[in-house]
Amino acid sequence: MVWRLLLCLLLLVLPACNAKTDPWKTGNAIIDWVDFVKLNGKNYNGVYEAVAASPDAVTDEVVGTVKFRVEGAVTNPSYAIKDGDAAILQEGTRLYAVKGYPDHSLIAAKADNQVGGYKLYSAKNAEGKLTHTWSYKDVPAGRVTRIDVYVYSKQAGAWQRFRSLERADSGLFMELLGHGQKKENYRPVVNGGDPNEYRIVFQTGEPVAHKQSLFRDDNNYYFHPSNTEVLPEEIGRFLTPRMPQS
């Protein structure tokens with residue numbers, strides 16, 4: 001009888017011990033994590049409208065390393081984020097300094113499937129807002145020296161540069177973007193798949209470049225600078241393969 005009593009007590013104690021050592025598993029919630037990383041007391045969020053202008057935009061200085069990936073591991077909504085935690089980045093991922101941001105308010109993680117070869121993360125300020133933001137309306141049109149067009153290669157599993165527009169071509173491309181017609185509640189028309197996506201990178205000579213996605217459905221080219229805008233059909237000349245001259 002004594003050994004049976006001891007066994008029952010042991011079974012009661014073990015779950016309590018597990019809850020103590022694994023507090024992130026308490027509960028059974030499915031959490032939709034924002035792409036974040038916490039490093040040296042700073043909270044960072046992933047940047048979506050800017051990219052490293054080239055691999056050289058990121059330095060060799062390692063500012064931190066991801067220690068724990070919460071996605072797929074944490075089911076407790078009350079889990080307290082710690083230094084070294086990240087939502088999506090794998091454990092062991094190194095985080096690097098970006099040229100022009102010596103205060104490490106912008107950092108980068110190597111990502112071969114991203115334009116520029118890195119994923120950028122911006123620090124958040126005391127109010128919880130991103131220190132650095134980019135939007136299409138802030139693209140410095142007068143300083144754009146080249147526009148790079150990227151398409152996704154399923155074979156390579158990465159975004160690859162499809163075309164570079166310089167001088168007159170980049171100016172005309174910008175002009176066509178400015179002639180978009182706003183279409184509220186626009187619904188893409190696509191039979192048999194998703195709209196084609198192009199990632200447009202506006203190069204200005206700075207380490208970080210603005211990025212904007214542009215789409216093609218069965219009828220139109222369009223993008224979302226704020227609201228959805230349908231673009232002139234003429235812009236397609238820059239988004240289709242050049243035919244060889246005979």
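Is phenylalanine 215 buried or exposed, and what is its relative accessible area? Phenylalanine 215 is buried, at a relative accessible area of 16%, where buried means under 20%, exposed over 50% and partly exposed in between (1.4 Å probe, protein chains only).

The model is predicted: local features need pLDDT of at least 70, side-chain atom pairs count only at pLDDT 80 or more, and totals for chains, interfaces and linings use all residues. Residues are numbered from 1 along each chain as its sequence is written, and side-chain values use heavy atoms, with hydrogens and water left out.

**View 1. Tyrosine 136 and phenylalanine 223 form an edge-to-face pair.** Nine aromatic pairs are found in a search of the whole structure; rings of Phe, Tyr and Trp (its six-membered ring) pair if their centres lie within 6.5 Å, with planes under 30 degrees apart counted as stacked, over 60 as edge-to-face and the rest as tilted. Here the ring centres are 5.4 Å apart and the planes stand at 85 degrees. Both tyrosine 136 and phenylalanine 223 are buried. Together with Phe202, Tyr136 and Phe223 make up one aromatic cluster.

**View 2. Phenylalanine 215 and tyrosine 222 form a stacked pair.** Their ring centres lie 5.5 Å apart, with the planes at 20 degrees. Tyrosine 222 is buried, with a relative accessible area of 3%.

**View 3. The charged ends of two lysines sit over tyrosine rings.** A charge sits over a ring if NZ of Lys or CZ of Arg is within 6 Å of the ring centre and within 35 degrees of the ring normal. For lysine 110, the ring is that of tyrosine 118, with its centre 5.3 Å from the charged end. For lysine 119, the ring is that of tyrosine 48, with its centre 3.9 Å away.
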